[in-house]
Amino acid sequence: DGITVADLETAPQPGERPELDRWILSVLQSLVSEVNTQMEGYYLYNVVPPTLGFIDHLTNWYVRRSRRRFWRVRGESGEGDADKLAAFATLYEVLTTFIEVLAPVLPFITEHLYQDLVARHDPESVPSVHHRDFPEARTVLIDRGLESAMEVVREVVRLGRNLRKREGLRVRQPLMRLTVL
């Protein structure tokens, strides 16, 4: 879409972005905090499970739910442009921070991603992801209530899919009603 790093700097601040953006940023910062805690205690075996869980959050929830935002044509409306920029800025921040978190565990792939996402586009960046400090959690972005609410939504969706499967109903077939207690 021709969106540059300079364009991303004009995106709304994280607190002003849609709930989905705030949720993934919160989950990311919670992950950074958890990984820091585990690595400082040298419990390296406790680092991989939460990172795998984060990949599921990112790919199966954030990216899938944001597809229309990424595909929106720029210039459709002023609000659409801001929403599209918010989605891209959020994804860029998540990816660049996540590769910093993964760098000690997956050094080669994270270096490749860093070169493609950061070093190639920002001449002032350090030459390698391994020259960067390990990220510190930005606690101001952590919203435990939002994370809990999204966990409830995900559980409702999971249970709904199980019911559909049990009853032989296709996922795209609309339901007349659904009651969640």
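In what follows, Ala, Val, Leu, Ile, Met, Phe, Trp, Tyr, Cys and Pro count as nonpolar, Asp, Glu, Lys and Arg as charged, and the others, Gly among them, as polar. The model is predicted: local features need pLDDT of at least 70 and side-chain atom pairs count only at pLDDT 80 or more, whereas totals for chains, interfaces and linings use all residues. Residues are numbered from 1 along each chain as its sequence is written, and side-chain values use heavy atoms, with hydrogens and water left out.

A pocket is here an open set of points on a 1 Å grid over the protein atoms alone, where a 1.4 Å probe fits and protein lies on both sides within 12 Å along at least five of seven lines; its lining residues have an atom within 4 Å of a point. The volume is the space filled by probe spheres set on the points, which are joined across faces, edges and corners.

The largest pocket has a volume of about 550 Å³. Its lining comprises 22 residues, of which Ala 89, Tyr 92, Glu 93, Thr 96 and Arg 138 are the closest to the centre. Helix 1 (5-8), helix 4 (78-102) and helix 5 (107-119) each give two or more residues to this lining; helices are DSSP runs of H or I with at least four residues, numbered from the N terminus. Helix 4 supplies the largest share, six residues. By class, the lining holds nine nonpolar, five polar and eight charged residues.

The second largest pocket contains about 470 Å³ of space. Residues lining this pocket include Asp 56, Trp 61, Arg 154 and Val 171. Helix 3 (48-71) and helix 6 (144-167) each contribute two or more residues, and helix 3 gives the most, with seven. The lining of the second largest pocket divides into two nonpolar, one polar and eight charged residues.
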